Amino acid sequence: MSYFFQLVISGVVVGSIYALSALGFVLIYKSSRVLNLAHGQIIASGAFITYALTVWVGIHIALSFIMSMIITFFLAMSVERVFLRRLIGEPIISVIMVTIGLMSIIDGIIYMTPFGAENFSFPEFLPKTPLAFGGVSISWTQLVGLIITFIMIGAFTWFFKASTVGISMRAVSDDQFASMSIGISVPKVFGLAWATAGLSAAAAGGIIGNITGLNFDVLHSFGIIVFPVVIVGGLDSIFGAIVAGIIMGLIQQFAAGYLDGNWGLFGTADVLPYIILLIILLIKPHGLFGIHEIERV
Amino acid sequence: MAENRWLATGNFFTSYRAEQRIFLTHIDRLIFVCFLVLLFAWPLVFEVSNKYMLVIDSILIAIVAVYGLNLLTGFGGLISIGHAAFMGVGAYTLATFSRILGSDHVLLTHFWPLMILLAGGVGAVFGAVVGLPALRLKHLYLVIATLSFQMIFQWVINFSKFLNQGQTIAIGRVFWFAGKVARKEHYFFWYYVILIIVVILGFAVRNLLRTRYGRCLVAVRDNDRAADAMGMHPGFTKVYAFALSGFFAGVAGALHAYLWRGVGFESFTLHHSISYLAMAIVGGLGTLVGSFFGPAAILMLELQVENFAELVGHYITAVGDVATAFRPLSFGLVIVLFLMFEPRGIANWWRIARTYFKLWPFRY
């Protein structure tokens with residue numbers, strides 16, 4: 001039974017990171033209807049900036065974590081300003097393909113840095129001995145990551161429910177013309193959506209980097225695992241992204257824990273989310289919490 | 001006024017039939033035939049090294065693949081980021097035969113045209129299955145469906161013992177009337193085979209767009225509700241487009257397998273899917289000539305980038321791996337710059353050049 005609870009714990013940890021990654025993705029989709037395929041690359045850059053600030057510059061990790069969020073905030077904002085602003089009004093297909101191009105560009109830039117080829121890991125700043133409750137244990141990094149993730153998710157929820165900027169972002173996602181007519185600057189909101197997405201991505205990247213170490217392949221694969229998460233949760237639901245992220249983390253951990261090694265199956269955790277994605281697309285495309293009013297063919 | 005089919009300075013169509021002609025003037029037809037003869041004749045005249053023949057063969061294979069992608073993305077408005085996976089399905093169809101029957105079985109070496117067709121068919125089936133969500137959903141969701149197919153494909157290949165876990169599976173040399181195709185003539189032989197396939201499929205695509213189905217596809221892309229109201233079925237049209245694109249990809253995959261005499265996982269990754277998409281964009285979405293320009297431009301660029309990276313690598317050795325960095329960087333830049341400044345691709349330059357020469361010496 002403790003094996004089960006151990007899987008639940010690690011599932012929730014992984015899942016909450018998925019939730020945080022998916023949050024930024026949903027934000028961009030909600031406000032500007034753009035599928036951001038470069039999200040994994042933004043997560044990776046956030047993690048690398050955190051590492052560079054901590055180890056190479058020598059700032060305390062908490063401070064560099066916050067600083068990398070701020071830097072990525074402005075980076076994502078400028079990405080929107082430079083590449084996506086001029087595509088407003090173009091068919092959505094070319095906007096999506098610009099994000100594919102962006103993905104390649106950021107890939108290229110990261111390959112030029114040492115991060116592209118080598119693995120790094122953050123210096124230990126927390127106690128090494130894991131916390132144990134009965135037979136279940138959780139490492140300090142995971143616990144701190146989990147707490148930060150939930151704080152971030154809570155902050156974002158507050159931001160969208162109560163703050164003026166958040167409400168105007170929701171308004172734009174609801175109806176662009178109506179929000180323009182009440183004086184919301186739609187391009188500014190798009191920029192802000194990208195910036196906030198960058199911020200949450202950097203946070204996710206920093207946490208992943210601390211838990212699993214810095215490996216570019218692992219980090220940018222988080223940008224692809226986001227797709228099953230947002231489809232299960234509903235593409236335009238922030239709450240759905242959070243719930244589905246945790247569900248997906250649990251599914252992956254259970255698959256790795258119970259399926260692998262039996263019946264000749266291996267690596268099921270990598271493929272199960274995508275199979276679920278395809279099934280959900282066929283039977284319930286708006287996901288668990290998405291708006292039912294889906295664009296019909 | 002009897003129209004002059006040799007020299008036309010503008011459009012003088014009097015019937016829909018005339019507008020749908022493949023070659024507007026006899027000069028067009030003449031130039032096309034001359035070009036074709038040139039394509040078939042030049043390897044006989046010039047001595048080409050195997051290395052360059054391989055590049056040219058790869059371009060031709062990419063053209064076949066991009067036909068399919070262009071049909072789907074350009075004419076159907078459905079983005080696919082799993083095109084390399086569909087190619088992989090075609091290639092691994094051959095690999096399956098090779099694993100069961102042995103790499104030099106008669107079926108693989110003597111009946112290779114049949115195998116190529118079969119690979120196309122299997123690709124089409126997979127395309128249709130992945131495209132099934134198109135019955136209900138629009139392109140945003142289909143991007144995700146194709147992406148997840150790519151991921152599932154990669155997993156299946158990497159984790160199945162039967163498919164050698166992504167390691168190369170050998171495919172034997174094929175036989176021709178004159179006997180086994182020798183090592184020296186291998187690229188030469190496949191150049192002609194692929195060229196013939198490219199020409200046949202090119203005409204197939206061009207004619208497909210003149211048929212009811214092709215116009216249906218374009219109508220669904222432009223306005224699916226209007227198309228629905230006109231009595232077309234947008235969902236089935238899209239699934240059909242996925243199947244067709246899968247067919248082209250499957251054929252391209254089979255050709256790839258035969259050309260490289262083996263099937264390996266690393267030729268069908270997400271990066272390749274993206275580069276096929278880049279080819280389609282750079283060439284010009286929704287144009288047939290774009291399918292030729294795109295692969296040629298991107299693969300040439302890739303070659304140049306490799307040379308350039310080698311050059312730079314001599315001088316700067318400290319900074320990362322320059323060669324692996326330049327490839328995605330140049331790719332992404334090309335995609336983004338084309339989308340921002342020339343969304344109609346190289347095909348648009350071609351169109352401008354053509355109209356210029358057609359009207360020369362007049363400017364308009």
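This is a predicted model: local features need pLDDT of at least 70, side-chain atom pairs count only at pLDDT 80 or more; totals for chains, interfaces and linings use all residues.

Reader: Let's start with a helix pair. Which residues in α2(A) meet which residues in α4(A)?

Author: On the α2(A) side, the contact is made by Gln41(A), Ala44(A), Ser45(A) and Phe48(A). Their partners in α4(A) are Met103(A), Ile106(A), Asp107(A) and Ile110(A). By class, this contact has five nonpolar, two polar and one charged residues. As for the spacing of such numbers, an α-helix has 3.6 residues a turn, so residues three or four places apart point the same way.

Reader: How do the axes of α2(A) and α4(A) lie, parallel or antiparallel?

Author: The general idea is to take the angle between the N-to-C directions, where a value under 35 degrees counts as roughly parallel. Here the axes of α2 (residues 39–57) and α4 (residues 92–112) of chain A cross at roughly 25° and come within 10 Å. The two helices are therefore roughly parallel to each other. The crossing of α2(A) past α4(A) is left-handed.

Reader: Which crossing angle do α4(B) and α11(B) have?

Author: Roughly 55°, and their axes come within 7 Å. That makes α4(B) and α11(B) oblique to each other, and α4(B) passes α11(B) in a right-handed crossing. The residues of this contact divide into eleven nonpolar, eight polar and no charged. Among those on the α4(B) side are Phe86(B), Met87(B), Gly88(B) and Leu94(B), while the α11(B) side includes Gly246(B), Val251(B), Gly253(B) and His256(B).

Reader: Now for a pair that spans both chains. At what angle do α4(A) and α14(B) pack?

Author: They pack at about 155°, with their axes 7 Å apart. Angles over 145 degrees count as roughly antiparallel, and α4(A) and α14(B) are therefore roughly antiparallel to each other. Their crossing is left-handed. The contact divides into 18 nonpolar, six polar and one charged residues.

Reader: How many residues of chain B are in contact with chain A?

Author: 43 residues of chain B touch 39 residues of chain A. On the chain B side, the elements giving two or more residues are α7 (139–159), α11 (234–260), α12 and α14 (322–341). That side has 32 nonpolar, seven polar and four charged residues.

Reader: How do I check a helix for length? What span should α1(A) have?

Author: The idea is to compare the distance between the end C-alpha atoms with what 1.5 Å a residue would give. Helix α13(B), residues 290–315, has 26 residues and reaches 37 Å, close to the 38 Å expected.

Reader: And burial? Is α1(A) enclosed or exposed?

Author: A residue counts as buried if 20 or more other C-beta atoms lie within 10 Å of its own. In α1(A), 23 of the 31 residues are buried, so this helix is largely enclosed by the rest of the structure. In α13(B), the buried residues include Phe292(B), Phe293(B), Pro295(B) and Ile298(B). What covers the buried residues of α13(B) includes α3 (50–75), α12 (270–283) and α15 (346–359) of chain B.

Reader: Let's zoom in on single residues. Is Ile116(B) buried or exposed?

Author: Ile116(B) is buried, because it has 23 C-beta neighbours inside 10 Å. It is found in α6(B), residues 112–131. Leaving aside residues up to four places away in sequence, Ile116(B) touches Val251(B), Ala254(B) and Leu255(B). By contrast, Leu30(B) is exposed, with 12 other C-beta atoms within 10 Å, and lies in α2(B), residues 26–45.

Reader: One last feature, backbone torsions. Where does Arg261(B) lie?

Author: Arg261(B) lies in the loop between α11 and β4 (262–263) of chain B. In chain A, Arg33(A) follows α1(A) and has a positive phi near 60°.

How values were computed:
Residues are numbered from 1 along each chain as its sequence is written. Chains are lettered from A and ligands numbered from 1 in the order in which they are written. Helices (H or I, at least four residues) and strands (E, at least two) are DSSP runs, numbered from the N terminus. The expected span of a helix is 1.5 Å times one less than its number of residues. Two residues are in contact if their C-beta atoms, placed from the backbone, lie within 7 Å. Ala, Val, Leu, Ile, Met, Phe, Trp, Tyr, Cys and Pro count as nonpolar, Asp, Glu, Lys and Arg as charged, and the others, Gly among them, as polar. Axes are lines fitted to C-alpha atoms, for helices over the stretch in contact, and angles run from 0 to 180 degrees between N-to-C directions. Angles under 35 degrees count as roughly parallel, over 145 as roughly antiparallel, 65 to 115 as roughly perpendicular and the rest as oblique. A crossing is left-handed if the near helix is turned anticlockwise from the far one by less than a right angle, and right-handed if clockwise.
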